[in-house]
Amino acid sequence: MTANGSATAAIEDAYPPYLGTLARQDERAAVDLVLELCTPDIDTETILLQLVARAMVQIGRWWQSNVWTVAQEHGASHITGRVVAALAATAGSPVPDRRVVVACIERELHAMPALLLAETLRLRGWNCIFLGADVPTPHLVTFLRRIRPVAVALSCSLPMRLPGAHRAIAACRRIGVPVIAGGRAFGPDGRWAARLGVAWAANGAAAVTLLGRPQPSADIISRRVGDEYLALTSRRGELVHETLRRLRAAYPELTAEGHPLDMTVTDLGYIVDHLAAAAYIGDAALFTDFTGWLADVLGSRGVPAGSVELALTELARLLHDRPRSRRCLEAGYTTFRVASILS
């Protein structure tokens, strides 16, 4: 067996017990396990991407299917952060003048993908500064002005945050800092990054390839953003309130005071925000992808499919004067219905 084959086998053997340490919330065992894998035959980046990152993807699936709670996911994320720190301590020193900043955009709380990117860049010799989750754009710009990095990598996991991502990208460019985008929000193939005119990296290796290259600067959003997006964002409160009023009558168990009401209001806000993001990007697929995902998540939590179908229908009624939004909602309704039947 080749050294590469031996490394793959070792990672495969370690994967189930590593998941077990996360399930037990056993930080010490998780750290010990990954450090034992650090041998001359297995490089740190392989462990980081093929074991640690892969486990986080699985945990996301367990949360989505309601096998794990949010509390369990948060505990596993904390342990993962400690594991990444332990792996980083085994790496060599970066090159001082190859400085790059990695940050999550404003209101983006999913920091783990960005952290994994930052450590991958460090392992490849970059002097990487990781700013973490939810970095307000004005503060990011001030920081970039002060340290003048080679580039900034911006992470975004939720498509509804893409308008904010676009503002951050534009702000970084105005001060002359090249931008690389990463994260699921930009679509599985980076299709929505292209609409924002920004280079998209699927992983750390792709990000390294992009660093130092001239990056695209033109986007097509300015010609598409108009009344549709602004109407949706300005009417967000009204749309959520009126849709909730309809749901109260049909599904009182989802609108009782306390936890069910809070969750329902949050879900309605997500629907409107993803609809607005689809209008901003100019692609209904952003919204239909979201409703397909929503069917899986809410179905696993026992939320009646009819309640979401009613919400989408009510939003379409409220937006009768917005034909593009109405068509998007109708397409989302169809996608949700099919996904609910199949799940």
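Glutamine 58 lies in helix H3, which covers residues 44–64. The model is predicted. Is glutamine 58 buried or exposed? Its relative accessible area is 16%, and buried means under 20%, so glutamine 58 counts as buried. Leaving aside neighbours within four places in sequence, glutamine 58 is in contact with Tyr15 and Leu19.

The next element is a strand. Strand S3 consists of residues 151–155 and is mostly covered, with five of its five residues buried. Which residues lie on each face of S3? Ala151, Ala153 and Ser155 are on one side, while Val152 and Leu154 are on the other.

Strand S3 pairs with strand S1 and with strand S4, as the table shows.

| Strand paired with S3 | Residues of that strand | Bridges | Direction |
|---|---|---|---|
| S1 | residues 99–104 | five bridges | parallel |
| S4 | residues 179–182 | four bridges | parallel |

Serine 155 takes part in both pairings. What is the bridge partner of serine 155 in S4? That partner is glycine 182.

S3, helix H7 (residues 162–174) and S4 make a β-α-β unit. What is the handedness of this unit? The β-α-β unit is right-handed. The two strands of the unit, S3 and S4, pair in the parallel sense.

How values were computed
Residues numbered from 1 in each chain as written. Predicted model: local features only at pLDDT ≥ 70, side-chain atom pairs only at ≥ 80, totals over all residues. Heavy atoms only, no water. Buried < 20%, exposed > 50% of the residue type's maximum accessible area, 1.4 Å probe, protein only. Pairing = 2+ DSSP bridges. Right-handed = clockwise from strand over helix to strand, strands pointing away. Contact = heavy atoms within 4.5 Å.
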